[in-house]
Amino acid sequence: MLLALAATPHAAVAQAPQIAFNIPAGGLDQALVEFGAQSRLQLLYPAQLVRGRRADALQGLFTPEDALARLLAGSDIVVRRSRPNVLVLTERGADTRAATSSRMLASLDAVPAVVAELPATAGPAILDEIVVTGTHIRGAGAGASPIVELSRDAIDRSGYATVSEALGALPQAFGGVSTPTSTITATDTLGTNGALSTGVNLRGLGSDATLVLINGRRMAGTGSRGDFSDVSAVPTAAIARVDVLLDGASALYGSDAVGGVVNIILRRDFEGAETRLRVGGAKGGAGSVQLGQTFGTTWSSGSALLAYEYEHRDALPYAARPYTATADLRGFGGTDHRNFLAHPGNVLVLTGGAYQPRFAIPSGQNGVDLTPASFLPGQVNLANPNAGMDLTPEQTRQGLYGSLNQSLGDRVELSFDARFSRREFSFHGAPSTSTITVTPANPYFVSPTGAASTVIGYSFFDELGASRGGGTAESFGVTGGADIALAGSWQAQVYGALAQEHSQTRTRNVINSLLLREALGTAPDNPATAFSAPRDGYFNPFGAGGANSRAVLDFVGSGYTAPEFRSRVTTLSAQADGDLFTLPAGAVKLALGAQTRRETFEQHIVTFRSSPTPFTLVTPDAQRTVSALFAEARAPLIGPADGATAPRLELSLAARFERYDDVGDSTNPKIGLLWRPTPDLRLRATYGTSFRAPSLTEVNEAYGVGPTFLNQGAARILTLIQTGGNTSLKPETATSWTAGADYAPAPMGGLTLGATLFETTFNDRIGQPVLTNLAGALNDPALSSFITPLDASRPADLARINALISDPSYSASTTYPPAAFGALLDARFVNTAKVQVRGLDLNAGISFDRDADHFDLAANASYLFAYSRQLTPTSPAQDLQGIAGFPARLRARASGGWRNGAYGATLSVNYLSDEKAANGTAIESWTTADLQLRWSPQVTSGPLAGLTALASVQNIFDTDPPFYDAPQGIGYDPANADAMGRVISLQLTKRW
């Protein structure tokens with residue numbers, strides 16, 4: 001049975017005071033939602049009971065009982081109070097005890113075990129229907145796993161424009177990977193998020209280890225590996241709520257549910273229309289506008305909804321913040337990260353196996369008629385690599401969502417929903433730099449040392465500007481299904497779903513190295529190109545300005561890279577659940593199901609960076625089939641049969657078997673215990689295993705081998721490096737446990753307290769450990785298992801070298817004899833790393849009234865005892881919690897809310913604990929405050945009826961993030977802080 005619940009903070013109603021109600025005429029379902037929000041009572045009823053019914057407008061001072069009676073006047077709906085703050089609605093004549101007592105009251109336990117800090121200060125959290133995340137069993141209520149719930153209203157009241165912003169603000173989330181800013185600033189070292197998508201990274205275990213669902217269905221993966229979900233693709237106007245399950249859940253949902261599960265529940269039953277307009281911005285840029293329109297209607301046997309959203313955001317440039325404007329951070333107490341790849345450039349000399357600047361090219365000249373004496377020995381020209389770059393991209397997003405539900409009699413309900421979003425983005429990235437070799441073939445050649453060639457460290461920023469990235473990202477999903485009532489309490493659910501992510505990106509205004517050599521004269525003039533250096537001019541790297549014509553610069557700067565990725569998931573699923581048998585404490589419930597998925601990944605890359613014409617790399621499509629069987633049981637072991645009183649002990653068991661046709665099988669169990677010794681106290685514990693299957697690219701990426709020089713001690717060793725996928729990969733595995741308590745003392749009214757201990761050990765993490773320290777790989781003992789010394793004097797080694805350099809995938813710009821190679825590095829994907837995270841989540845909330853004023857206080861915090869990582873089995877484990885670039889030791893948010901009639905306000909404080917740099921340098925803690933003011937006129941007619949205005953200020957005091965001397969040359973830690981500063985926004989919502 002689908003249930004509708006208007007859930008509000010607990011409030012005592014013994015005195016039944018009169019309340020100023022303002023409920024417009026319309027659908028009864030929406031009127032009851034408004035009643036719950038204004039009375040702060042919980043209503044529980046079957047969705048079909050109110051579907052298609054209407055209610056008259058209600059305005060004035062009434063007791064909650066009188067107001068509800070007026071809304072239900074003329075209907076056959078009766079009201080029964082089941083708890084001090086809970087009202088149950090049923091059809092007159094129905095067996096209310098049998099129909100509602102056990103199932104509906106059990107569903108009240110679906111209120112999350114962890115109360116999010118956002119909704120706690122934001123008044124009612126409206127659930128369109130009970131879709132309990134973390135279980136396949138209807139009416140079973142929430143299990144033992146901790147869940148945070150973010151309601152749509154809570155997201156609005158907190159000043160966040162998108163669900164991705166709200167999720168990023170959770171203390172349990174980590175922003176170090178899979179965000180636009182972490183990609184642009186190179187904080188995310190994976191380099192797989194070229195489409196600038198936004199993932200969710202719970203517990204810092206990786207965005208690929210957090211499963212994202214929409215209405216319980218999988219999204220397709222995004223990025224160049226297709227291994228994480230883009231939550232920015234979901235229109236805010238369509239969201240009902242977001243559930244965040246903070247526990248491993250592969251026993252229920254399969255692969256990727258290691259750090260947790262994010263289930264985005266979209267709106268379904270809605271009567272009328274709603275218009276939303278939001279504008280905002282920050283100092284120096286990042287202006288935004290968001291427009292949403294929703295239409296909905298309900299009838300006696302179904303409902304339909306259509307929502308559209310448009311959003312545009314301007315870029316925020318590096319120059320808008322002093323701690324990112326320049327890489328010279330000495331003024332903040334840091335170091336100078338400017339480099340000698342500059343303009344004018346520097347003459348470099350090979351010293352100790354590396355190029356070092358020896359002479360500076362003088363400024364104020366055009367590179368003509370220089371002599372060896374013109375150069376400046378011992379001086380260095382330095383360039384700011386941050387010049388012209390953007391911290392956040394310019395983005396325009398459009399999203400559309402529609403749903404249709406129709407009952408066929410009393411036993412079958414059909415459902416259909418579809419969503420589509422298109423996001424266009426652009427940004428200014430790092431400018432091109434190069435180490436240029438100039439020979440006498442160039443008419444401007446001069447050598448300050450008398451050598452036969454000159455090597456120059458050069459930046460093209462002054463002549464070409466920053467590189468320019470951009471592209472489109474499209475997200476699509478469609479689902480059709482049916483809920484079928486079977487015999488007795490049993491019900492079946494079947495559905496088919498298709499999800500797809502498609503991105504096309506292009507990075508342009510970058511150097512083509514082959515064309516640059518042609519323009520320098522070091523490569524022969526190519527008749528296949530329209531450019532001829534003798535005719536159109538040679539590239540002059542010795543000038544300080546005006547040395548090169550636009551024709552020359554357009555030629556050498558015509559390089560680009562244009563990758564295209566498409567990920568698709570097709571799912572067929574069937575399950576059934578119901579009562580198996582009855583124990584003295586209640587019914588034992590069982591869910592059984594089967595599922596099959598087809599996953600595909602396509603990539604098509606065009607590059608024009610080192611070839612005379614664009615080169616197209618087409619990798620064969622990767623695909624696989626996944627089959628799954630799953631089961632879940634809930635057994636009440638101790639307690640009364642109605643489940644409404646304590647003591648009560650409940651056991652939950654779940655298991656899921658998945659078979660992949662490319663990487664094998666995985667079976668994952670989970671056990672949970674829920675003990676309620678008193679009506680006020682819940683104790684809970686879980687233990688289970690989870691897994692993440694290798695992505696299709698990690699298994700199937702094209703093999704390649706090529707040469708490079710690496711240092712080994714004082715020597716330079718010519719080394720062969722193997723890259724590509726690995727068909728021998730096995731799933732990553734994890735074990736997780738949680739133990740917690742929730743306390744809600746009845747005498748204290750709306751007080752709730754919660755605590756959860758958690759630990760996850762993640763083994764066999766897939767990676768390319770050699771690439772984490774490529775420059776020092778030959779000297780790193782932890783990487784010894786990936787290195788094979790080569791000696792061409794040994795016949796076996798010589799044969800191996802010849803086989804490798806004869807492989808069709810071998811690529812090298814220079815021909816090296818076999819005897820020159822001294823080592824082989826295996827940089828292919830392997831199961832190697834281990835991550836363990838252990839910590840404590842705390843939450844508290846209280847709501848109370850003082851005359852006509854209502855107050856909400858809440859806090860949510862996550863503290864890490866340990867976050868350790870071991871890159872290889874032979875490397876030492878490192879505890880990285882509190883280290884810049886990794887999850888912080890403590891993140892917390894506390895909020896206080898007030899409302900009185902049409903007015904309300906919320907003040908929130910965010911805290912990030914102090915950190916350390918990798919070298920031990922201290923990084924200060926960071927505290928910011930947010931404020932929101934709310935006005936909702938209590939009128940039922942006229943232009944102000946149904947209007948809500950929200951004015952929000954995030955980071956009221958414009959507090960800069962704590963200074964961190966980041967190796968990327970910026971003065972803060974993008975993984976744990978942001979550079980937006982004060983953000984002011986105004987949102988208007990009008991219900992029609």
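User: What does contact mean here, and which residues does Gln603 touch, not counting residues up to four places away in sequence?
Analyst: Contact means heavy atoms within 4.5 Å. The model is a predicted one, and in it Gln603 belongs to strand 30, which spans residues 586-608. Leaving aside residues up to four places away in sequence, Gln603 touches Glu564, Phe565, Leu617, Val618 and Thr619.

User: Is Gln603 buried or exposed?
Analyst: A residue counts as buried when its relative accessible area is under 20%. The relative accessibility of Gln603 is 15%, so the residue counts as buried.

User: How are helix 1 and helix 3 oriented to each other?
Analyst: Helix 1 (residues 28-39) and helix 3 (residues 64-71) pack with their axes 11 Å apart, at an angle of about 175°. Angles over 145 degrees count as roughly antiparallel. The two helices are therefore roughly antiparallel.

User: Which residues of helix 3 make the contact with helix 1?
Analyst: Helix 1 contributes Leu28, Ala31, Leu32, Phe35 and Ser39 to this contact. By class, the contact has eight nonpolar residues, one polar residue and no charged residues. From helix 3 come Pro64, Ala67, Leu68 and Leu71.

User: What is the radius of gyration of the protein, and how does it relate to the globule rule?
Analyst: The secondary structure comprises 16 helices and 50 strands. For 992 residues the globule rule gives 30 Å, and the value for the protein is close to this, so the protein is as compact as a globular protein of that length. The radius of gyration is 31 Å.

Notes:
Residues numbered from 1 in each chain as written. Predicted model: local features only at pLDDT ≥ 70, side-chain atom pairs only at ≥ 80, totals over all residues. Heavy atoms only, no water. Helix = DSSP H or I, 4+ residues; strand = E, 2+ residues; numbered from the N terminus. Buried < 20%, exposed > 50% of the residue type's maximum accessible area, 1.4 Å probe, protein only. Axes fitted to C-alpha atoms, helices over the stretch in contact; angles between N-to-C directions. Parallel < 35°, antiparallel > 145°, perpendicular 65-115°, else oblique. Nonpolar A, V, L, I, M, F, W, Y, C, P; charged D, E, K, R; others polar. Rg over C-alpha atoms; globule rule 2.2 N^0.38 Å.
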